[in-house]
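Please open the model in your viewer and keep the sequence panel beside it. The stops below are meant to be selected one after another.

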Amino acid sequence: MFRVLFALHLCISLPVLALEKAQGVVYCHGKTVLEYRPVNPEKDGTASDVDLTVNGKTFRFMTAYSWFGANQAAPKGFKFAILGEKQFDPLLVFDGYLVDANKNKYIKCN
């Protein structure tokens, strides 16, 4: 009887153990998968740095919260820019999507 109860307990609890904590919002374009996380955000949600994960590799980059060009208004939905490297310099963060320096649009995919 003990073995049956133990086996039943394992069958019920194993799926729960396999679940991971939510990783945040993931963005995709083609085969490229991105995720960003603010590093020590302030009370208003801004952070001077973000950890940007590109296809499983994480890098730390600076952020900019103002739009580029003093004579231009920021586009609708613009939140901030991640000042990365190469294709991701800058990576523009909008409400619901990201745009890289090559004008590729990354949409939520999780």
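What follows is a tour that begins with the fold and ends in the loops.

The model is predicted, so local features are described only where pLDDT is at least 70 and side-chain atom pairs only at pLDDT 80 or more, while totals for chains, interfaces and linings use all residues. Residues are numbered from 1 along each chain as its sequence is written, and side-chain values use heavy atoms, with hydrogens and water left out.

**The barrel**

Begin by colouring the strands (DSSP runs of E, at least two residues, numbered from the N terminus). Eight of them close into a barrel in the order β1-β2-β3-β4-β5-β6-β7-β8, with antiparallel pairing, where two strands count as paired if DSSP finds at least two bridges between them. Neighbouring strands of this sheet are turned by 30 degrees against each other on average, direction ignored; the axes behind this angle are lines fitted to C-alpha atoms, and angles run from 0 to 180 degrees between N-to-C directions.

Next select residues 27-29, which are strand β1, joined to β2 in the antiparallel sense by three bridges. The two strands form a hairpin with two residues between them, and Gly30 in the turn has a positive phi of about 60 degrees. His29 has Thr32 of β2 as its bridge partner.

Moving on, β2 and β3 pair in the antiparallel sense over six bridges, and Tyr36 has Leu52 in β3 as its bridge partner. Then turn to β7 (residues 97-99) and β8 (residues 105-108), an antiparallel pair with three bridges, in which Leu98 stands opposite Tyr106 of β8.

Buried means under 20% relative accessible area, exposed over 50%, and partly exposed in between, with a 1.4 Å probe and protein chains only. Of its 14 residues, Leu34, Tyr36, Leu52, Ile82, Phe88, Leu91 and Leu98 touch the most other members. The elements giving two or more residues to this core are β2 (32-39), β3 (49-54), β5 (78-83) and β6 (91-94), and the largest share, three residues, comes from β3. Apart from this core lies another, of six residues, among them Ala64, Phe78, Ala81 and Leu92.

Centre the view on Tyr36: leaving aside residues up to four places away in sequence, Tyr36 touches Tyr27, Asp51, Leu52, Lys79, Phe80, Ile82, Val93 and Leu98, contact meaning heavy atoms within 4.5 Å.

**The disulfide**

Select Cys28 and Cys109, which a disulfide joins with an S to S distance of 1.9 Å; the rule asks for a pair of cysteine sulfur atoms within 2.5 Å. The pair links distant parts of the chain, with Cys28 in strand β1 and Cys109 in the segment after β8, 81 residues apart. The link of Cys28 and Cys109 is right-handed, with 55 degrees about the S-S bond, and Cys109 counts as partly exposed because its relative accessibility is 38%.

**Loop backbones**

Pro90 lies in the loop between β5 and β6, and the peptide bond from Asp89 to Pro90 is cis, with omega near -5 degrees. Asn55, in the loop between β3 and β4 (57-64), has a positive phi of about 50 degrees although it is not a glycine. Lys103, in the loop between β7 and β8, likewise has a positive phi, of about 70 degrees, without being a glycine. Is Lys103 buried or exposed? Lys103 counts as exposed because its relative accessibility is 72%.

Technical notes: Helices (H or I, at least four residues) and strands (E, at least two) are DSSP runs, numbered from the N terminus. A nonpolar core is a set of buried Ala, Val, Leu, Ile, Met, Phe, Trp, Tyr and Cys residues joined through side-chain atoms within 4.5 Å.
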